[in-house]
Every structure is written in C-alpha cells, then in structure tokens.
Amino acid sequence: MTSFRFVHAADLHLGSPFQGLSLKDADIAALFIEASRKAFSNLVSRAIEHHVDFFVIAGDVYDGDWKDNKIGLFFNREMARLERENIPVFLLRGNHDAESVITKTITLPENVHEFSTQKPQTFRLEMLKVALHGQGFAQRSASENLALTYPKPVPGWFNIGVLHTSLTGREPHAPYAPCSVDDLRSRGYDYWALGHVHEYEVVSRDPLIVFPGNLQGRSIRERGARGAVLVTVEDGRSAIERLIVDEARFHGLTVNILEDDDMAAILRRIENEASIVVGDMEERPLALRLRLQG
C-alpha cells in the first residue's frame, strides 16, 4: 500500500455573523469574522507546506445561505490555491450548508469534488489506492442513520468514510445523522473523517474515528486552540497530528476578590490572572469573559 498524507477539516462556518459579539462590540465581531477566513487560509497554506495528497472537508463549509457572493468567492479562491498545487478536495454538505439551505452557487475549480446528497458516493484515487465514501445533507435536519447505507470497502485500498454526524450525541450539538461507533466500524473502513462536533476528539483508534473540531472558535463556549488534523498513512497505518490555525480565541477567567480589596487591588488581581492567559495566546486577539467572585 502506498504512503500519503491528507488534511481532514470540518465546520469552517464561513460567513458566521457572530451575532452575540455584534451586540456587544461590532468592531470585535468584525475581527472574529475576519479570523474565520484567515484560519481557513492558514489551513490551506499548511496543507500546501506539507505537500498533502488530498484535502477532506466533512461538512459546514458555510454557516448558512450567503447574503452575497463574497464568501463563496473567497472559498473559490482558496480552492484554486489547492488546484494550482494539484491537490484534490473532497467535501460534503452538513446541516448548515445543506442543499436546501444554500441557494446561491459559484462554479468551483475542477479539483473540488462534492459528495452526492441523494445517496452515498465513492471517489477513487487510483494512484494512491484510496477510496472516499460519503453522503451530504439534502435537508438541514438529517434524522436517519446515513452510515449504515455506506458501501462496502474497496478491497486492498485505504478506505475513508466522510460523515457529518452527532454520533450517539454530543451536547450542545443537534442529533443529526445519528449513529454508533459500532455502526462505523461495521463498514470496515480504515479512517472516519467526521464533522459537526466543534471540539477535537479522537473517538476511536481502531479504526481512527476523528472529529477535528472547528477552525475558529465562534463563542465563549468554544475556547482553546482550534484547527484541523493532518493524517499520515504509511503501509496502511495512519497517524494524526493537529494543525492549529485559529486567529482569535475566547477564554473565561474567574478572579477571587478578598473582602478588604480596594479597586486598585482588584485591578492588580485581574491583570495578574489575565497576563497568564494572554501569554498562551501567541499574540492572537482574545475575547475574555471575566467573572469576579468573593
């Protein structure tokens, strides 16, 4: 079996309006909106640097229907960067960019291959002996177990299942395309590239079943580093590495106030605690929710 590398990403949510932030500070919201685009551009650059053989996006490229074509044109330009490097892209639609949700269209470069929303579809990379199986969402709400309809693996090839799913449930994410880990294992694939859940999670190691998480935190509930995964396959064995690409982060901080603290003392406590958090941001902008107690 050949050796190869690919990127597994999901939940780009391009065009997310960051409504909660917008109500508090329009300028900060604009910063996070731009960060979502920069994060994806960062990921495309990392994929090119690592000379990946192909690129997988497991749903929710867009946050919803476009107000205009700007976000579609941006995605098109990033796909064209991959096309120039001869990197094919395989993507499917999730609940946010289901076929019934996104009404506007832009012709994407020829390197982009979209899975059918009507039934499972298989794409084959003959030179690598890789088969990718997937089905996108026709409607925003997908209550059926799509995984059980995926085809049998191609014998002797590296088989990848691409699916936008909540599995057996991952709060607070809606239960779309529900299925069990055993359902996925029953297909006999070598790797499952999942989307929908925004936290990074290695669900299983045999076979590898992975949620890469989203590329950019979208609210105070989505804290910490965000990105995708780089998958390296050698002699049929696969290993994963996180690619952190986010451009701004959310964080929560609780500061204990003593009874005799005056305002100057309180501010010093906040500065001391916040400096530790800021030191981990690597110069990224930080939206901090501060809670005082005591």
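Biologist: How many aromatic pairs does the count come to?
Modeller: Keep in mind that this is a predicted model. The count comes to 16 aromatic pairs.

Biologist: Give me one. How far apart are the ring centres of F4 and F158, and at what angle are their planes?
Modeller: The centres are 5.4 Å apart and the planes sit at 80°. The pair is edge-to-face because that angle is over 60 degrees.

Biologist: Where do F4 and F158 sit in the chain?
Modeller: F4 is in strand β1, residues 4-9. F158 is in strand β7.

Biologist: Are F4 and F158 buried or exposed?
Modeller: Both F4 and F158 are buried.

Biologist: What about Y150 and W192: how are their rings arranged?
Modeller: That pair is tilted. The rings are 5.6 Å centre to centre, with 35° between the planes. Y150 is in the loop between β6 (130-134) and β7, and W192 is in strand β8, residues 191-195. This pair also links distant parts of the chain, 42 residues apart.

Biologist: And why do Y150 and W192 count as buried?
Modeller: Buried means under 20% relative accessible area. Y150 is at 1%, so Y150 counts as buried. W192 is at 0%, so W192 is buried too.

Biologist: Which residues form the aromatic cluster?
Modeller: F4, F6, F54, F90, F115, F123, F158 and Y191 form one cluster.

Biologist: Switching to backbone. What is phi at N86 and at L167?
Modeller: Phi is near 60° for N86. For L167, phi is near 55°. Both values are positive, in residues other than glycine.

Biologist: Why flag that?
Modeller: Most residues other than glycine have a negative phi.

Biologist: Where are N86 and L167?
Modeller: N86 is in the loop between α3 (70-84) and β3 (89-92). L167 is in the loop between β7 (158-164) and α4 (181-185).

Biologist: Buried or exposed, each of them?
Modeller: N86 is exposed, at 68% relative accessibility. L167 is buried, at 2%.

Biologist: What kind of peptide bond joins D206 and P207?
Modeller: A cis one, with omega about 0°. P207 lies in the loop between β9 (201-205) and β10.

Biologist: Last topic, charge. Which residues form the positive surface patch?
Modeller: K24, R221, R223, R289 and R291.

Biologist: Where is R223, and how accessible?
Modeller: R223 is in the loop between β10 (208-211) and β11 (227-234). R223 is partly exposed, with a relative accessible area of 41%.

Terms used:
Residues are numbered from 1 along each chain as its sequence is written. This is a predicted model: local features need pLDDT of at least 70, side-chain atom pairs count only at pLDDT 80 or more; totals for chains, interfaces and linings use all residues. Side-chain values use heavy atoms; hydrogens and water are left out. Patches are made of residues with over 30% relative accessible area and no salt bridge: like charges are joined within 9 Å, nonpolar side chains (Val, Leu, Ile, Met, Phe, Trp, Tyr) within 5 Å. Accessible areas come from the Shrake-Rupley method with a 1.4 Å probe; for residues, only the protein chains shown count as cover. A salt bridge is a side-chain nitrogen of Lys or Arg within 4 Å of a carboxyl oxygen of Asp or Glu. Lys and Arg count as positive and Asp and Glu as negative; His and the chain ends are not counted. The place of a charge is taken as NZ of Lys, CZ of Arg, CG of Asp or CD of Glu. Helices (H or I, at least four residues) and strands (E, at least two) are DSSP runs, numbered from the N terminus. Buried means under 20% relative accessible area, exposed over 50%, partly exposed in between (1.4 Å probe, protein chains only). Rings of Phe, Tyr and Trp (its six-membered ring) pair if their centres lie within 6.5 Å; planes under 30 degrees apart count as stacked, over 60 as edge-to-face and the rest as tilted.
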